[in-house]
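Below are my notes on the two-chain model you sent.

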Amino acid sequence: MEKRRLKEFEGTKTYVLDPELKKIVNISIALEMPLLLKGEPGTGKTLLAQAIAEDLGLALIVLNVKSNMKAVDALYQYDTLTRLNDARFGDSKRNVKNIEEYIRMGKIGQAFVSESKVVLLIDEIDKADSDFQDDLLDVLDQMSFDIIEIDKIIKAKHRPIVIITSNAKKDLSDPFLGRCNFHHIAFPDPDMMHKIIKAHFPDIEQNLANSAIKVFYQMRKVPNVEKKPSTRELINWLRALLLDPSFKTKELGKNGNVPYLGVLFKKSMDLEQAKNYLSRVENL
Amino acid sequence: MFVPFFYQLRNVGIPITPTAFLRLQKALNLGLVNSLEDFYITARTILIKSERYFDLYDKIFAQYFLGVELKSPEEKELEELVRSLLEEWLKDPKQLADFLGIDPEQLKKYSPDELIKYFLEKLKEQTERHDGGDSWIGTAGTSPVGHSGIHPGGMRVGGSSRNKSAIKVALERRWKDYAMDGPLDTSSISEALKRLRHLTPSGPKDQLNIRETIYQTVKNAGEIEIVFSPRLKDKLKVILMMDNGGWSMDPYIELCRTLFKYANDNFKQVKTYYFHNCIYDYVYEDPQRRAKPRKTLDFVREEPDTRLIIVGDASMAPYELTHDQGCIEYGEYQTKSGLHWLKFLSQTFPHSAWLNPKLKEEWKYTAGSYTIARIREIFPMFDLTLEGLEQAVNHLIKK
């Protein structure tokens, strides 16, 4: 069994770590398994990878998956155009006969050839079609891939810590799921939210935090809303409240008074719904 | 370790592979699991691959660790595990060998029977080692009670709400909303929508992709390489017929309307009609079922590959379905029985499905069981749950 050289992941100053998630991250690191995180937007899936990298002092490599992306794009690119150009005009220092000079590593490739252990974040894998996942299966399993053009196998020098996020637009394929550890990040409960707020606004007044969080969770209950406000919206909203000199904590939520509603609800339909809702209730 | 737990999870329908189970054993061996809480989290993250099963997992976990004492794995159960190991082995020998820490080359020499014996011994060895060991659960392997201060009743330890005993956490059933059983409601509507979005066909690969062709050709040193992409295919037309007669249907009507309204972009056209209990000579475009009748016979003019989705509880008095004058709506003109018209519709639209808000388990025992059974002979019926919707979509998408 390989010795565990890395220290355990403990969370960072601005990332409030749920003990359950901490355990899951550390187990995945120890087992050297990719960790698949699902959950509604704004639950800190992407931030987790950054926090891991920061806390363990590792570099972070982010692969932002796009809908038309192919697996090979994430591994390497063979720059045929530059080679053609060099072959025609011959004014570069590259050796046209050596294809290897025209191979560029993609994000996964970079993570593999890196001289030290890195954190590899594959963000929103569900955006690409299922072929993408299937093609990555073996790569992540074996931690190696083959550059077909020059028939060279790239093997990870250090197995990266792989974090994969998904917004669950599509279900991921079973074989892929089989090779990952899985966690679903639920929306934080009010207690957790207090800690998160404390981490972002260390000197916030307790009263303001209390009533803001209370109002925030009320606003999440507004019916028929397409996109509920998430943590990100709450933090921005608090920022707005703190910047407003005329704002008084006591009045928040009284008589349906919720300023800067547009920060919480970003779709016009949702905003209407929220306004309607507020006009119907007296005190939140 | 925990072989019965593994089987209990499998028995309730959570898809867990032996590989994942072995991975859990590996995690236990690494000394990462030091308490029942740890075990709860570790086992879930390794074994369970979808939040839909988290609730079920919680239930089983609570039942398993609260209820019965843990038994050490019986010979027979071990054998079963070994058998599934063998299946896994055939699929991917190397992976399994890695897990057990054995040499795949050496194992190739064994016959299947010998292999089973070998696995069995290997597993027993593991079990013994765990039972005797002091690492993580020790003799607590046969009873988690009393380990590191966890009260069997799941009393909370410490002040913070997060620091609960695993059983307590499990009993809370935080993941209930994500479970797949239980009828749809507004909270699961976005999940339902995702399933409905699968209802888009993809065409054959017969359209020349010029961009990709040029790229591949250049890559191929000028040798022409032609690339085809899937043809854009017409989106589906959907006809939705909903029973809005009884109060029992009310919550689901609004739900289905919203569902299909939001999914509208994915379809070429969605037409909605209403009926009461059963379909006879007319269906109605208005929910009051008065102003805009449409002859059921007219549907023969619709394109036959239109998808017909009927939403209704299919529960009524038998004569409403079978009798020529069975309609209970006063003043509605009727020439043929409901059964006749349903058959007519199912013949007109080969791709059809009936969504029933009554749960599948109830179908045989509910008041309308007779009519449900008769209608099921005509339409494939699915219950209006996430799972049912998924199956219905899979059925409807078939060519």
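1. In this predicted model, five strands of chain A make an open sheet with parallel pairing, in the order β2-β5-β8-β1-β9. Strands here are DSSP runs of E of at least two residues, helices are runs of H or I of at least four, and both are numbered from the N terminus; two strands pair if DSSP finds at least two bridges between them. The edges are β2 (59-64) and β9 (181-184) of chain A; each has a single partner strand, so one side of each is left without a neighbour in the sheet. From one strand to the next the twist averages 20 degrees.

2. Conventions. This is a predicted model in which local features need pLDDT of at least 70 and side-chain atom pairs count only at pLDDT 80 or more, while totals for chains, interfaces and linings use all residues. Residues are numbered from 1 along each chain as its sequence is written, with chains lettered from A and ligands numbered from 1 in the order in which they are written.

3. Strand pairs. β5 (residues 118-123) and β8 (residues 161-166) of chain A run parallel and are joined by 4 bridges, with Val119(A) partnered by Ile161(A) in β8(A). β1(A) pairs in the parallel sense with β8(A) over 4 bridges; on that side Lys38(A) stands opposite Ser166(A). β1(A) also pairs with β9(A), again in the parallel sense and over 4 bridges, and there the bridge partner of Leu37(A) is His183(A).

4. A residue is buried if 20 or more other C-beta atoms lie within 10 Å of its own, exposed if 12 or fewer, and partly exposed in between, with C-beta atoms placed from the backbone.

5. Cores. Which residues touch the most other members of the largest nonpolar core? They are Leu35(A), Ile52(A), Val119(A), Leu120(A), Ile163(A), Ile164(A) and Leu47(B), in a core of 74 residues. The helix α3(B) gives the most to this core, with 7 residues. A second, separate core has 48 residues, including Leu255(B), Phe260(B), Tyr280(B) and Met381(B). A nonpolar core is a set of buried Ala, Val, Leu, Ile, Met, Phe, Trp, Tyr and Cys residues joined through C-beta atoms within 7 Å.

6. Ser230(A). This residue lies in the loop between α9 (206-220) and α10 (231-243) of chain A. Ser230(A) is partly exposed, with 18 other C-beta atoms within 10 Å. Leaving aside neighbours within four places in sequence, Ser230(A) is in contact with Glu40(A), Pro41(A) and Gly42(A), where contact requires C-beta atoms, placed from the backbone, to lie within 7 Å. Ser230(A) and Gly42(A) are 188 residues apart along the chain, and their C-alpha atoms are separated by 5.3 Å.

7. Interface. Chain B puts 23 residues into the contact and chain A 21 residues. On the chain B side, α2 (18-29), α3 (36-47) and α11 (210-219) each supply at least two residues. That side of chain B divides into 9 nonpolar, 5 polar and 9 charged residues. Ala, Val, Leu, Ile, Met, Phe, Trp, Tyr, Cys and Pro count as nonpolar, Asp, Glu, Lys and Arg as charged, and the others, Gly among them, as polar.

8. Confidence. The model scores ipTM 0.75 and pTM 0.55. pLDDT stays under 50 over residues 68-74 of chain B, and below 50 over residues 127-164 of chain B, a stretch with 51 contacts in the model beyond near neighbours in sequence. Where pLDDT is low, the predicted coordinates should not be read in detail.

9. Chain totals. Chain A has 12 helices and 9 strands, and 30% of its 284 residues count as buried. Chain B has 16 helices and 9 strands, with 34% of its 399 residues buried.

Definitions and conventions. Axes fitted to C-alpha atoms, helices over the stretch in contact; angles between N-to-C directions. pLDDT = per-residue confidence, 0-100. Contact = placed C-beta atoms within 7 Å.
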